[in-house]
Every structure is written in structure tokens, then in C-alpha cells.
Amino acid sequence: AEATTLADQSVEFIVAAQAFHWFDPRKARAEFSRILKPPGWTVLMWNVRRVDSTSFLRAYEDLLKTYATDYAKVRHENIGASELKQFFKDGTYKTHSVAHEQRFDFGGLKGRLLSSSYAPAEGQPGHEPMLKELAVIFDRYQSNGQVSFEYDAQIHIGH
């Protein structure tokens, strides 16, 4: 995002999904301005997991708060209107939201958790207790062998 190696004014759209929280916004904005053909569009999008709409999601959120290493730091909820206004040209952008869900059996749930950058990896403190608690949460809240994550896809579009 900050040093693409693409030619100046070589693209009409830039789409970044589930990644903006990793960018240095100042450097990415400069790079995007360099590679975009005027007027050029940038689309930033990410899933915002609902954390309080079901008992399962509340329990999963509590698990993350207990065991995740830098969960509070990398959450997309840390990116708000002021950060987006600073990023987009003239502070102007439009936001759209799309609700959707993802269903997981236990293997999928475990894989989803372990693919998160903030989950302690095997051998790190908290890894094994986290997985044990995940199994307890799954057993408590599963229906027909699955649990559901509810999301709102946030889509931010501007120049």
C-alpha cells in the first residue's frame, strides 16, 4: 500500500479489503495519489463483526479480550470518520454497509480464530487454554453443529 512499484497514474481503482488497519495512512495516501489516474477511486472495506447481538458472539468477544495478544490495537473499529476524512481527498467519501453472516463448524471456527493475527500461536502463552475455552463456547452455543458470525461489511468509497 505504501510502495506498490506501480507506474504513476497507472490504475483507475484501488481496492483494499480487510487490510487498511495495517497501512500507514499518510504513506498509503501519497502512494495511492501517485498511482491513480485522475479522478481515480479508492475503495476501502472490511468486515465489522457484531460483538453483542447473540450470546455466542458475546462469549467469543470475551474469549478474545481474555486471550488475544493485540486485539484492541488492530480492531477495525479503531478506524473512524476522522481517520477516513484525513485519508480521502478533501475529506469526502461515501460509506455503505452490508449485513451478512458466516457459519462455522468447530473446525472452521478454530481455523478462523487461529488465522487472526491477534490469536496466540501454538507454543505461546494462552494458546491451549484459549482453544479449550473455544471448544466450551462452541459446545454451549452451537446449533446443528454450527455457530454463526454476524457482520456488517463497511465499504468506504472516495477519491
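pLDDT is the predictor's confidence in each residue, on a scale from 0 to 100. The structure shown is a predicted model, in which local features need pLDDT of at least 70 and side-chain atom pairs count only at pLDDT 80 or more, while totals for chains, interfaces and linings use all residues. Residues are numbered from 1 along each chain as its sequence is written, and side-chain values use heavy atoms, with hydrogens and water left out.

**View A. The whole chain and its confidence.** The protein chain contains 6 helices and 4 strands; these are DSSP runs of at least four residues (H or I) for helices and at least two (E) for strands, numbered from the N terminus. Read along the sequence, they follow the pattern β-α-β-α-α-α-β-α-α-β. The C-alpha trace spans about 55 × 35 × 25 Å along its principal axes. The mean pLDDT of the chain is 93, and 96% of its residues reach 70 or more. Where pLDDT is low, the predicted coordinates should not be read in detail. Of the 159 residues in the chain, 36% are buried, a term that stands for under 20% relative accessible area, with exposed meaning over 50% and partly exposed in between (1.4 Å probe, protein chains only). A contact requires heavy atoms within 4.5 Å. Among contacts between residues at least 6 apart in sequence, 81% join residues at least 24 apart.

View B. An open sheet is formed by 4 strands in the order E1-E2-E4-E3, with mixed pairing; two strands pair if DSSP finds at least two bridges between them. Strands E1 and E3 (93-104) are the edge strands, each pairing on one side only. Direction ignored, neighbouring strands of this sheet are turned by 20° against each other on average. Helix H2 packs on the sheet and touches E2 and E4, its direction making about 75° with that of E4. Axes are lines fitted to C-alpha atoms (for helices, over the stretch in contact), and angles between N-to-C directions run from 0 to 180 degrees. Helix H5 lies across E2, E3 and E4 and runs at about 135° to E3.

**View C. Strands E1 and E2 with the helix between them.** E1, helix H1 (residues 25-35) and E2 make a right-handed β-α-β unit. Right-handed means that, with the strands pointing away from the viewer, the path from the first strand over the helix to the second runs clockwise. E1 and E2 run parallel and are joined by 6 bridges. Ala16 has Leu44 in E2 as its bridge partner, and Phe13 stands opposite Trp41 in E2.

View D. Val11 belongs to strand E1 (residues 11-17), and Thr42 to strand E2 (residues 36-49). Val11 is buried because its relative accessible area is 19%; Thr42 is buried as well, at 2%. Leaving aside neighbours within four places in sequence, Val11 is in contact with Leu6, Ile35, Leu36 and Lys37. One of these, Leu36, is 25 residues from Val11 in sequence but 5.0 Å away in space, C-alpha to C-alpha. With residues up to four places away again not counted, Thr42 touches Ile14, Phe32, Leu36, Phe87, Phe88, His156, Ile157 and Gly158.

View E. His96 has its place in strand E3. The residue is classed as partly exposed because its relative accessible area is 40%. Beyond residues up to four places away in sequence, His96 touches Ala153, Gln154, Ile155 and Ile157. Gln142, in contrast, is 46 residues from His96 in sequence and 31 Å from it, C-alpha to C-alpha.

**View F. The nonpolar cores.** A nonpolar core is a set of buried Ala, Val, Leu, Ile, Met, Phe, Trp, Tyr and Cys residues joined through side-chain atoms within 4.5 Å. The largest has 22 residues, and Phe56, Tyr60, Leu63, Leu109, Leu113 and Phe149 have the most contacts inside it. Helices H2 (55-67), H5 (106-114) and H6 and strand E4 (147-158) each give two or more residues to this core. H2 gives the most, with 7 residues. Apart from this core lies another, of 15 residues, among them Phe23, Ile79, Leu84 and Phe88.
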